[in-house]
Amino acid sequence: MKNIVMLGAPGAGKGTHSALISAEYGVPHISTGDILRANIKEGTELGKLAESYIAKGALVPDEVVIGLVADRLAHPDAQNGYVLDGFPRTIAQAEALDKVARIDIAINIDVAFDVIIGRLSGRRVCSCGATCHVSALGGSEICPKCGKQLYIRDDDKPETVKARLEVYLKQTAPLIDYYKAKGVLVDIDACGTIKEDFEKIKKVLG
Ligand code: AP5
Ligand code: MG
C-alpha cells in the first residue's frame, strides 16, 4: 500500500477521508491534530506545550511535530503504508519527512472557503474519534457510532477558525507546489458529498 499525505485547509475533510482510506485499505490513520489533542486531554508535557498554540490557531513548533511523526512512522504498523493527516504543514516539515519516508501520493482536498466555514461551524466530534456534521444528525447531538454525547472542538470557535485559515494560506498552502514539483500531487475537487468525494479518492488510489 502507498504512503499518503493529505493536504487541505482546516475543515476541508482531511480527517473524514483519512478515516475512510484507513478503513478501506487497512493502513493506519496518523493525524498530528488527534495525537496533540489526546496529549492535551491526558495532560502530558507535550499536551501542555501544544495547548497554547492550538488555542490560538497557530502551528505547534516544527521540531516538536517532526519528532512526534518520526517516532510514529517507526512503529511496525506503519511499515506497509499509512495516511498522514495534518502533517506536513510547513516546508520544513515536508523536508524533514523526506529524510525518513518516501511519499507516493499527496492528495489535495480542494474545497472553496465558503464551504469550509460551513463544514467547520457544523462539525461535531466524539471522544470515540468519530467526526460528524450537524447536517447528517437530524437535530441529534448523540454519536451515531457509539451513542456518547457529541461536542464542538475548542478551536472551531469563529475567531480561531479565522486564524487557522490565515495560517493555512501562509504556511501550508505552499506544500501544494512542493508536492506538484515532485510529481506526486493529485487535486480532488471535494465540494460534493462525503461519498461522492471519497469515490474520487478511491479512483486515484486504485
Ligand atoms: P488538525 O486537527 O489537523 O486541524 P485542521 O488542519 O485545522 O483540520 P481539521 O481537523 O479542522 O479539518 P479536516 O480537514 O480534518 O476536516 P474534517 O474531516 O474534520 O490540527 C489542529 C491544530 O493542531 C492546528 O491548528 C495546530 O495548532 C496543531 N497541529 C496539527 N498538526 C500540526 C503540524 N503538522 N504542525 C504544527 N501544528 C500542528 O471535516 C470537517 C467537517 O466537514 C466535518 O464535520 C465533516 O463531517 C464535514 N463534511 C461535510 N461534508 C463533507 C464532505 N463532502 N467531505 C468531507 N467532510 C465533510
Ligand atoms: Mg482533522
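The shell around ligand 1 holds 13 nonpolar, 13 polar and nine charged residues. Here Ala, Val, Leu, Ile, Met, Phe, Trp, Tyr, Cys and Pro count as nonpolar, Asp, Glu, Lys and Arg as charged, and the others, Gly among them, as polar. The model is predicted: local features need pLDDT of at least 70, side-chain atom pairs count only at pLDDT 80 or more, and totals for chains, interfaces and linings use all residues. Residues are numbered from 1 along each chain as its sequence is written, and side-chain values use heavy atoms, without hydrogens and water.

Ligand 1 is surrounded by 35 residues (a heavy atom within 4 Å). Thr16, Ala58, Arg89, Arg123 and Arg164 are the closest. Helices H1 (14–25), H2 (32–42), H6 (113–121) and H9 (194–205) and strand S6 (131–133) each give the shell at least two residues.

Now the polar pairs. The side chain of arginine 89 places an N or O atom 2.4 Å from an oxygen atom of ligand 1. For arginine 123, the corresponding distance to an oxygen atom of the ligand is 2.6 Å. Aspartate 197 has a polar side-chain atom 3.2 Å from a nitrogen atom of ligand 1. Taken alone, the ligand exposes 1,000 Å² (Shrake-Rupley, 1.4 Å probe). The protein buries 96% of that.

Next, the packing. Beyond neighbours within four places in sequence, leucine 97 is in contact (heavy atoms within 4.5 Å) with Val5, Leu73, Leu84, Phe87, Pro88, Ile103 and Tyr179.

Key
Chains are lettered from A and ligands numbered from 1 in the order in which they are written. A polar contact is a pair of N or O atoms within 3.5 Å; within protein, one must be able to donate a hydrogen and the other to accept it, and residues adjacent in sequence count only if both atoms are side-chain atoms. Helices (H or I, at least four residues) and strands (E, at least two) are DSSP runs, numbered from the N terminus.
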